[in-house]
Each structure stands twice: as structure tokens, then as C-alpha cells.
Amino acid sequence: MSLTGKTAIITGAAGGIGKATVALFAEQNANLVLVDYNQQGLEQLTKSLEQKNRKIVSYAIDVSHEPQVKRVVQSTIEEQGQIDILVNCAGICKMIPILDIKVTEWDHMLAVNLRSVFLFCRETFRHMKERKYGKIINIGSAAGKIGGLAAGAHYSASKAGVICLTKSLALQAAPYKINVNAVCPGPTQTEMTDAWGDKTNEDFAAKIPFKEYAQPLDVAEAILFLASDRSKYITGEILDVNGGLVMD
Ligand SMILES: NC(=O)c1ccc[n+]([C@@H]2O[C@H](COP(=O)([O-])OP(=O)(O)OC[C@H]3O[C@@H](n4cnc5c(N)ncnc54)[C@H](O)[C@@H]3O)[C@@H](O)[C@H]2O)c1
């Protein structure tokens, strides 16, 4: 699964699944472009990786903001010469009944979880198309398939959007031999689910056939597979990592 010589942009890099993905990609010698709005988290991560002499750049931006996304993609092309891999992992989640979702909250959720994926996909596909090489991995969610155990309707809708955006782009990118896939985690132990509280997490874990949450590394392993040339004939796939929670 070597990523030597490959440049990867990873959004949500300072989060649970993002950090595990960064660690695996670093092990495989990828050049890393880390994106998150948590500047402090990015600085800590960069420092830990620089100790191992990695080539690493980070951008503290809001992934839903078009000019900032364009800047990251453009700067990466200028500085690294290429983008081989894009992992869209940044996201937010809110547990809230539909009657309490304000329009501003709906729009914010869709902007962070779906518009950002569209923006990064569009800008990197423009570049990958010319090189006829690229791997795009979007992070969906089991909630985008079944409506969510806990997540709000806006979260589930945004992740359903990510799944269909992935399939649509996979079709358009196939003539250029660019792979576009999604990983759909079930509940995974990160800050996102820590915020739900112990009782809720125990109740949800009991509903999973494996009877426990995924660890970030479980999800990252699937991302690495789709980023590597081991999966070169796989595109438009929505890969579940959910301990049997959803089987379709
Ligand atoms: N944890 C789960 O149970 C679970 C399940 C299914 C899918 N997912 C998805 O996996 C992805 C990663 O989630 P996680 O569990 O690692 O969560 P996390 O909260 O640990 O990480 C999310 C990261 O995204 C960043 N982020 C949020 N909004 C941003 C913005 N506007 N601009 C830039 N960065 C932003 C945060 O700073 C954070 O570092 C998300 O897309 C999430 O929806 C998570």
C-alpha cells in the first residue's frame, strides 16, 4: 500500500478519523497536505510528523468556503506539482430533533458536510483529469443510508448527498481512470461521538452486531486501501465500516 511519491490532501486532519488516516499515510511515505479549521490541532499534528522528517504542509481553513478551498488546491499544485489523493473527512454532527432545526443550522450542516466535499472534488478533479490519475475518497456515514441512530436529519441528508455525489463523480471521472469512492463508517469512537455521552454510546453500541464502536484506525485502514493502487479497479463503491450495522 505504499504511497511513496504521492501527494495527499486530507481534510478534517485534526479530528479522530482524520488523524488516524494521516498516521497511516505517513507510514506509507505520502507527502501530506493537512486541512482543518482547528489550527492548534494541525500544529500539534505537524510537529509530531516533522520529527519523522515528513514533507508536510497544513492549512487552517473553513472547508465550506470556496475561495479558501481553491487556494489550498492551487497552492498544493504549485508547491508539490501534483495532487494524487484527496480524502474529504472534515465534518460536523448534531443530535437534534427535526422540529428544532433552524434554517441557519440546516444550511451550515449542508455547507460543512456536503458543499465542502463538492468544492474539493471539483477543484482536484479539474487537476486530476489532466494527469489521468487520482484517488478521491469521501467520508459518508451509515446515517446517510438509514437516517441515523442519533444524528439529526440535516446530518443524515448531508451524508446521503455525499454518497450520491461520490457515485456521480465516479461516473464522470471513470474515463480518466480516476477512482472516486466513499467510506461509510458506523459509530466510531472520536470526539464527535464522545459528545453524545456514555449512556447514549452504550445504547448504540448494543445495537451494532459487533457490539462496539469502530476505532478511527478501522476506518483509516479502509481509506488507505482506497487511496492505494491495490484498489485500482474499484470506483463508485460505498465501503461500509460499521461492524454489521447496515448491510446493503
Ligand atoms: N465518528 C463517527 O461516529 C462517524 C460516523 C460516520 C461518519 N463520520 C464522519 O467521519 C468524518 C470525521 O469525523 P470524526 O469522527 O473524526 O470527527 P471529529 O470531530 O473528530 O473530526 C472532524 C474534524 O473536522 C474538522 N472540521 C469541522 N468543521 C470544519 C470546517 N468547517 N472546516 C474545516 N475543518 C472542519 C474539525 O475541526 C475536526 O478536526 C466526518 O465527516 C464525520 O461525519 C464519523
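Which pocket is the space taken by the ligand? The ligand takes the largest pocket. A pocket here is an open set of points on a 1 Å grid over the protein atoms alone, where a 1.4 Å probe fits and protein lies on both sides within 12 Å along at least five of seven lines. A molecule sits in one if more than half of its atoms lie within 2 Å of its grid points.

1. Basis. This is a predicted model, in which local features need pLDDT of at least 70 and side-chain atom pairs count only at pLDDT 80 or more, while totals for chains, interfaces and linings use all residues. Residues are numbered from 1 along each chain as its sequence is written, and side-chain values use heavy atoms, with hydrogens and water left out.

2. Ligand shell. There are 28 residues around the ligand, each with a heavy atom within 4 Å of it. Asp36, Tyr155, Lys159, Thr188 and Thr190 come nearest. The shell divides into 14 nonpolar, 11 polar and three charged residues. Nonpolar covers Ala, Val, Leu, Ile, Met, Phe, Trp, Tyr, Cys and Pro; charged covers Asp, Glu, Lys and Arg; the others, Gly among them, count as polar.

3. Polar contacts (N or O pairs within 3.5 Å). A ligand oxygen lies 2.6 Å from an N or O atom in the side chain of Thr190. Backbone polar atoms also take part: Gly15 at 3.0 Å from a ligand oxygen, and Cys89 at 3.1 Å from a ligand oxygen. The protein covers 94% of the 830 Å² of accessible area that the ligand has on its own, by the Shrake-Rupley method with a 1.4 Å probe.

4. Elements at the ligand. Helix 1 (16-27), helix 6 (153-173) and helix 7 (191-194) give two or more residues each to the shell. Helices are DSSP runs of H or I, at least four residues; strands are runs of E, at least two; numbering starts from the N terminus.

5. Backbone to check. Most residues other than glycine have a negative phi. Lys132 has a positive phi of about 55°. Lys132 sits in the loop between helix 4 (103-131) and strand 5 (134-139). Lys177 also has a positive phi, of about 60°. Its loop runs between helix 6 and strand 6 (178-185). Lys132 counts as exposed because its relative accessibility is 52%, and Lys177 is exposed at 65%. Exposed means over 50% relative accessible area, buried under 20%, partly exposed in between.

6. Gln39. This residue is in helix 2 (residues 39-50). Gln39 is partly exposed, at 49%.

Notes
A polar contact is a pair of N or O atoms within 3.5 Å; within protein, one must be able to donate a hydrogen and the other to accept it, and residues adjacent in sequence count only if both atoms are side-chain atoms. On a 1 Å grid over the protein atoms alone, a cavity is a set of points where a 1.4 Å probe fits but cannot get out, and a pocket is an open set with protein on both sides within 12 Å along at least five of seven lines; lining residues have an atom within 4 Å of a point. Buried means under 20% relative accessible area, exposed over 50%, partly exposed in between (1.4 Å probe, protein chains only).
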